Amino acid sequence: MAPRVGQVLREARSERGIKLSEVERVTKIREKFLLAMEEERWEALPAPVYARSFLSAYARFLGLDDHERAALVSGDRHLLELAGDLPIYAPADFLVLLNE
């Protein structure tokens, strides 16, 4: 069985020795939302549209490549239902969206 989304994120962060507070500082995604993704509590995100954008930004920060990021989304049926056909944004793109 393929690893779950949250497990992949948590393990990638732990392997790199990165604290959630550092991820928050760089990505501007609140720590409580990062933790929610690691625990796969997608309903804890402020709205479904954020699920895929937050996931993409977090995975990119962790250095996961495009194929790994796509596998995270496609491997989680619940996340796919939340995200639908929304585009995956890069962190810089996401920050622009927040400021609109």
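Visitor: Which residues have the most contacts inside the largest nonpolar core?

Guide: In this predicted model, the largest nonpolar core has 20 residues, and those with the most contacts inside it are Leu9, Ile29, Leu34, Met37, Leu45, Tyr58 and Leu62. Helices α1, α2, α3 and α4 each supply at least two residues of this core, and α4 gives the most to it, with 6 residues. In soluble globular proteins, nonpolar side chains tend to be buried together.

Visitor: What makes Ile29 a residue in contact with others beyond its sequence neighbours?

Guide: The test for a contact is that heavy atoms lie within 4.5 Å. With residues up to four places away in sequence left out of the count, Ile29 touches Glu24, Leu34, Met37, Phe54, Ala57 and Tyr58, and among these Leu34, Met37 and Tyr58 are also listed with the most contacts inside the core.

Visitor: Why is Arg13 called buried?

Guide: The relative accessible area of Arg13 is 12%, and buried means under 20%, so Arg13, a residue of helix α1, is classed as buried. Leaving out residues up to four places away in sequence, Arg13 touches Ile18, Lys19, Leu20, Val23, Glu38, Tyr58 and Leu62.

Visitor: What makes the pairing of the Arg13 and Glu38 side chains a polar contact?

Guide: A polar contact requires a pair of N or O atoms within 3.5 Å, one able to donate a hydrogen and the other to accept it. The side chains of Arg13 and Glu38 make such a contact at 2.6 Å, and Glu38 is itself among the buried residues of helix α3.

Visitor: Why are Phe61 and Arg4 called partly exposed rather than buried or exposed?

Guide: Buried means under 20% relative accessible area and exposed means over 50%, with partly exposed in between. Phe61 has a value of 24% and is therefore partly exposed, and Arg4, with 41%, is likewise partly exposed. Phe61 belongs to helix α4, whereas Arg4 is in the segment before α1.

Visitor: How many residues along the chain separate Phe61 from Thr27, and Arg4 from Glu38?

Guide: Phe61 and Thr27 are 34 residues apart along the chain, with their C-alpha atoms separated by 7.3 Å, and Thr27 is one of the residues that Phe61 contacts, together with Ile18, Val23 and Val26, once neighbours within four places are set aside. Arg4 and Glu38 are also 34 residues apart in sequence, with a C-alpha to C-alpha distance of 9.3 Å.

Visitor: Why are α3 and α4 called roughly perpendicular?

Guide: Helices α3 and α4 pack at an angle of about 90 degrees, with their axes 11 Å apart. Angles of 65 to 115 degrees count as roughly perpendicular, and α3 and α4 are therefore placed in that class. Their contact is made by Phe33, Leu34, Met37 and Glu38 of α3 and by Phe54, Leu55 and Tyr58 of α4; these residues divide into 6 nonpolar, no polar and 1 charged.

Visitor: Which helices do the buried residues of α3 pack against?

Guide: The buried residues of α3, which spans residues 31–38, are Phe33, Leu34, Ala36, Met37 and Glu38, and they pack against α1 (5–15), α2 (20–27) and α4 (48–61). Just after α3, Glu40 takes a positive phi of about 55 degrees.

Visitor: How many helices and strands does the chain have?

Guide: The chain has 7 helices and 0 strands, and 36% of its 100 residues count as buried. Residues 24 or more positions apart account for 63% of the contacts in the chain with a separation of 6 or more.

Terms used:
Residues numbered from 1 in each chain as written. Predicted model: local features only at pLDDT ≥ 70, side-chain atom pairs only at ≥ 80, totals over all residues. Heavy atoms only, no water. Buried < 20%, exposed > 50% of the residue type's maximum accessible area, 1.4 Å probe, protein only. Helix = DSSP H or I, 4+ residues; strand = E, 2+ residues; numbered from the N terminus. Core = buried A, V, L, I, M, F, W, Y, C linked by side-chain atoms within 4.5 Å. Axes fitted to C-alpha atoms, helices over the stretch in contact; angles between N-to-C directions. Parallel < 35°, antiparallel > 145°, perpendicular 65-115°, else oblique. Nonpolar A, V, L, I, M, F, W, Y, C, P; charged D, E, K, R; others polar.
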